[in-house]
Amino acid sequence: MLRKEINELLTQTDSGKPMGDMFRQYWIPALLASELSEDDCPPTRVKLLGERLIAFRDSKGRYGLMDEFCAHRGVSLWFGRNEEDGLRCPYHGWKYDYTGQCIEVPSEPEESGFCEKIKLKGYPLIKVGDILWTHMGDKEDRPPEPIWEFATVPAAQTYSSKRWQECNWLQAMEGGIDSSHVSFLHSGGLKTDPLFRGAKGNKYNEADKKPVFEVVESDGGLHIGARRNAEDGHYYWRVTPWIMPSFTMVPPRGDHPMHGHFWIPIDDHNCWAWSFDYHPTRALSPEERQAMEDGYGVHNQYVSGTFRPLQNKDNDYLMDREAQKRGDSYSGIWGIAMQDASLQESMGPIVDRTKENLVSTDNGIIMARHRLRKAVVALRDKGVQPPGRTPEHQLVRSAARVLSPEEPFGEAMQDDLTARHGVKQTSV
Amino acid sequence: MPHDHDEMFEADNATRAGRGPVDHPTMLSSCAHAASAEEAKYRVQYPNSIVRTSRIFALDPPAAEAMYAVTEDPWENTHFLTLLADSTIASETPAQDIPLCHPDGTATNLNTELTDADVVVLLATRNSSEAAAEIIACECFKRKIMCAGLALRRASSPQSISQVVSSMRKFTRVLVVTEDDDYIPAMLTALRA
C-alpha cells in the first residue's frame, strides 16, 4: 500500500512536478539513433516528461531536440524543411538551428536582428551507443555523459529497441524489480525463447518456484537477489540491479546476451519501455540479432512503421486462451515483453496503490519507492542531487552465480555486479 | 505466434482468426476500454483485505531504539516487541521461554504473540541474538507465518552486518539490508501493519 499523496508524488512527471524535476537531473534515452539516420533527414516528434518536442539532425550531423511548435504561429515543426543547418517552418519560413535558436525570419529585415530575440526551448541531444540521449534539466546541473555498458560496447555487441507502453512509468518499472513474478508469468519462456533457453540456471528456476529474496541498498539504487536451491546445499543467486530512477537489468542466463530496460515517462499515462541486449565480450550472432528483431527475449513485434507493439490493448494483446490452457504461455499472451506490458496496462493509466496488498516478497518494490520518495523530497526541499547520475553508479551489471550458503551475495558477487571492460558476464 | 506481422494484425482485428474456438462473446478491444482512465472510476470501492496482525521483534538494543521511533504511530493490529535486557537465550531455549516485552515494559510470550499473526519482521543490527532469531523464525515456519528480516546498518561495521545477514538468511524468506531507519515505517505502511 502506498499513500495517495506519495503515489501522486512518484507518478507525476510533468515539468514543475517533483518527480518530473528528478527525471530532469539525468541523461535519459530519447530516440533510437536510427530514427535520425542521416544528415537533413525528416524530423521526428518526441514526447518526453509531458513535453511535446521535435528532434532533427542538421546538415552537419548535429542533433537537435526542441519545442515542437514554431514560435511564430504555433505550427508543428514536424512539417518543417530540414535544410542547410536548420529546421525551417513551412508556413512563413522561420528557421531554427539545432539549439532552438531562430536564425532566420524572412519577413523581417536581416539587419534588424529580430530572429536573435526568438529561441525555442531546446535540450542537448547526444549519441552514445545506438541511442540519442537528452538532459532536460538546467545546464549547470548537467551530469557526465552516460556510460552504461550496453551503450559503450562495440556496436556489433549490442541491440536496443523501444516500445510504447500505455501506462504510467512507475508501474512499468516496478515490473523490472519484481523478481517473484518470473516463476509464473514468464515460466513458458524459459523453455522456448531462443534468448533464454538452454541455460543450466533455468533448471534451478524450474525446480524451485519459491525463491527467497534479499534486498540490499547500493549507492545508485538497489541490488535485488533472488535465491533458489542448487546442488549440495548451495544457493543459485540471480541478482537484479536497479539504478535510480528507472534502469534495471535482468540476471543473465548461460552465455546468452544480457538484457535490461529503462522506463522513461512520455506523460503520466504513457511511457517508453527501452529494452537492450548486449554481450560484454563478443558480437551478437546473426541468429541472436534476428531473434531480437523478431520480438523474442525482452523485445517485441510492432505494428508496422510504428513503435506500438503488434499486440496491444486494441486487439486484446492477441490473447490465446488455448495456449494458456495448454501451458505454452502462462497468461495466454505471447512474448515476455508483452506478458508484462499487458498486465501492467490492465491496471489502468496510473494504478491506485492505496488498494494494494503487498507482501514481504514485495520488499524490492517497497524499497525502490522509498528510495525514490526520499530522493525526490531531498531534491525538492534541499536541492540534493539524486543517486544514479554519476559514472560509478552506472557501471553495473546483473549476475547469476551459485554460492555456498554462508556467502552474502553483496560481497561475494561485488565484482560480478560491476561492469568491467572486456570481462565476460557472470552467469549460470 | 505468426511472424507475418501485418497479415496477422489485419486478420486478427478483422476476424480474431487463428486463435482457437471462442466459447463466449468477447468485445473487441475490451482491454482498451477497460484500461482507460474513464473506466477506472467504476472500480468497486470496498476494503479488499482485513486488518493484518503484525509482530515486530527488535533483537538488540540499537534495533529497539530504531523501532521505538515509530511505535507511537497509528498502526493497526501491530505489536512492537523486544527481548528483555540481560536475557540469555540459547538455541535450545523453549519458544515459550523467550523473554519478550512490549515498549511499556509489560512482559509477554512468543506463543501469545504469534497466535493469529500474519506477518513477522525481525529487526537486527548485530549478530548477538541469533538464537532468538532462530527460535522465532522456526515458530513462524511451523505456524506458516511469513517471516521477514531487516538488517539495519546504522553504525555497524561491514563485518558485523555481514554476520547479521548470514545469520538471518537461514531463517527469513525475505531479507532487507538498509542503512535507513526510516525504512521501518515505510515497510510497515506498505505491508498494512
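In chain A, strand β12 (residues 158–165) and strand β18 are antiparallel and are joined by eight bridges; strands here are DSSP runs of E with at least two residues, helices are runs of H or I with at least four, and both are numbered from the N terminus. Two strands count as paired if DSSP finds at least two bridges between them. The model is predicted, so that local features need pLDDT of at least 70 and side-chain atom pairs pLDDT 80 or more, while totals for chains, interfaces and linings use all residues. Residues are numbered from 1 along each chain, chains are lettered from A in the order in which they are written, and side-chain values use heavy atoms, without hydrogens and water.

**Pairing of β18(A)**
- Strand β17 (residues 258–267) of chain A is also antiparallel to β18(A), with nine bridges between them.
- Two residues separate β17(A) from β18(A) in a hairpin.
- A:Tyr278 in β18(A) stands opposite A:Thr158 and opposite A:Met258.

**Burial of β18(A)**
- Because nine of the nine residues of β18(A) (residues 270–278) are buried, the strand is largely enclosed by the rest of the structure; buried means under 20% relative accessible area (1.4 Å probe, protein chains only).
- In a regular strand, side chains alternate between the two faces of the sheet.
- One side of β18(A) carries the buried residues A:Asn270, A:Trp272, A:Trp274, A:Phe276 and A:Tyr278, and the other carries A:Cys271, A:Ala273, A:Ser275 and A:Asp277, also buried.

**Chain B**
- Chain B contains eight helices and seven strands.
- Of the 193 residues in chain B, 47% are buried.

Conventions
Buried means under 20% relative accessible area, exposed over 50%, partly exposed in between (1.4 Å probe, protein chains only).
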